[in-house]
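Reader: I would like to go through this structure feature by feature. Please give the general idea each time, then the case here.

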Amino acid sequence: MVYLMNSAINHIMRDYRTGEIKPIAPKPLDLLHCIVSEVNPRAPISIISGYRSPTTNAALRKVTKGVPPKSLHMAGRAIDMRIPGYCTSAIRPVAIQKEWGGVGYYPKSDFIHLDTGPVKYGQPFFGDILAA
């Protein structure tokens with residue numbers, strides 16, 4: 001049963017550009033669950049990006065500022081998300097408070113980045129960024 005659930009989660013978190021599916025690490029899913037449980041949305045959350053293939057990452061690097069060459073998305077250790085009906089500016093402090101990893105905030109593209117790297121969060125990134 002757990003395998004089937006993980007398989008479904010990995011499918012949802014796949015690289016939608018290439019269709020490639022890789023395992024998503026438990027920690028970003030746990031963080032996502034904690035945030036969603038605290039916010040208690042009335043609608044389903046939106047996953048902008050989970051796993052990202054090296055091909056997709058390289059393509060995004062060419063057109064988007066700030067995409068690292070070794071993105072944690074490629075290791076299944078990052079999730080970009082938003083919760084419809086909730087301001088991402090209100091979700092950001094909830095994610096930061098958890099101190100589980102990196103939190104990126106992209107107000108122009110309206111999403112929050114969560115990863116399992118070092119605990120860090122910077123100023124909001126207002127530059128042109130494509131939904132990664």
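Author: What follows covers the nonpolar core, the salt bridges and a pocket. The model is predicted, so local features need pLDDT of at least 70 and side-chain atom pairs count only at pLDDT 80 or more, while totals for chains, interfaces and linings use all residues. Residues are numbered from 1 along each chain as its sequence is written, and side-chain values use heavy atoms, with hydrogens and water left out.

Reader: Which residues have the most contacts inside the largest nonpolar core?

Author: In soluble globular proteins, nonpolar side chains tend to be buried together. A nonpolar core is a set of buried Ala, Val, Leu, Ile, Met, Phe, Trp, Tyr and Cys residues joined through side-chain atoms within 4.5 Å. Buried means under 20% relative accessible area, exposed over 50%, and partly exposed in between (1.4 Å probe, protein chains only). Here the largest core has 18 residues, and Leu32, Ile35, Met81, Ile91, Val103, Ile112 and Leu114 have the most contacts inside it. At least two core residues each come from helix 2, strand 2 (78-82), helix 4 (88-98), strand 3 (102-106) and strand 4 (111-115). Helices (H or I, at least four residues) and strands (E, at least two) are DSSP runs, numbered from the N terminus.

Reader: What does Leu114 touch?

Author: Contact means heavy atoms within 4.5 Å. Leaving out residues up to four places away in sequence, the partners of Leu114 include Leu32, Ile35, Met81 and Val103.

Reader: How many salt bridges does the structure hold?

Author: Side chains of opposite charge can pair when their charged atoms come close. The criterion is a side-chain nitrogen of Lys or Arg within 4 Å of a carboxyl oxygen of Asp or Glu. The structure holds four. One of them joins Asp80 and Arg52, with the closest N and O atoms 3.9 Å apart. Asp80 lies in strand 2 and Arg52 in the loop between strand 1 (46-49) and helix 3 (54-63), so the pair ties together parts 28 residues apart in sequence.

Reader: Are Asp80 and Arg52 buried or exposed?

Author: Both Asp80 and Arg52 are buried. In another salt bridge, Asp110 meets Arg82 at 3.6 Å, N to O. Asp110 is partly exposed at 32% relative accessibility, and Arg82 is partly exposed at 22%.

Reader: What lines the second largest pocket?

Author: On a 1 Å grid over the protein atoms alone, a pocket is an open set of points where a 1.4 Å probe fits, with protein on both sides within 12 Å along at least five of seven lines; lining residues have an atom within 4 Å of a point. Here the lining includes Ile9, Met13, Asp30 and His33. Helix 2 gives the largest share, five residues.
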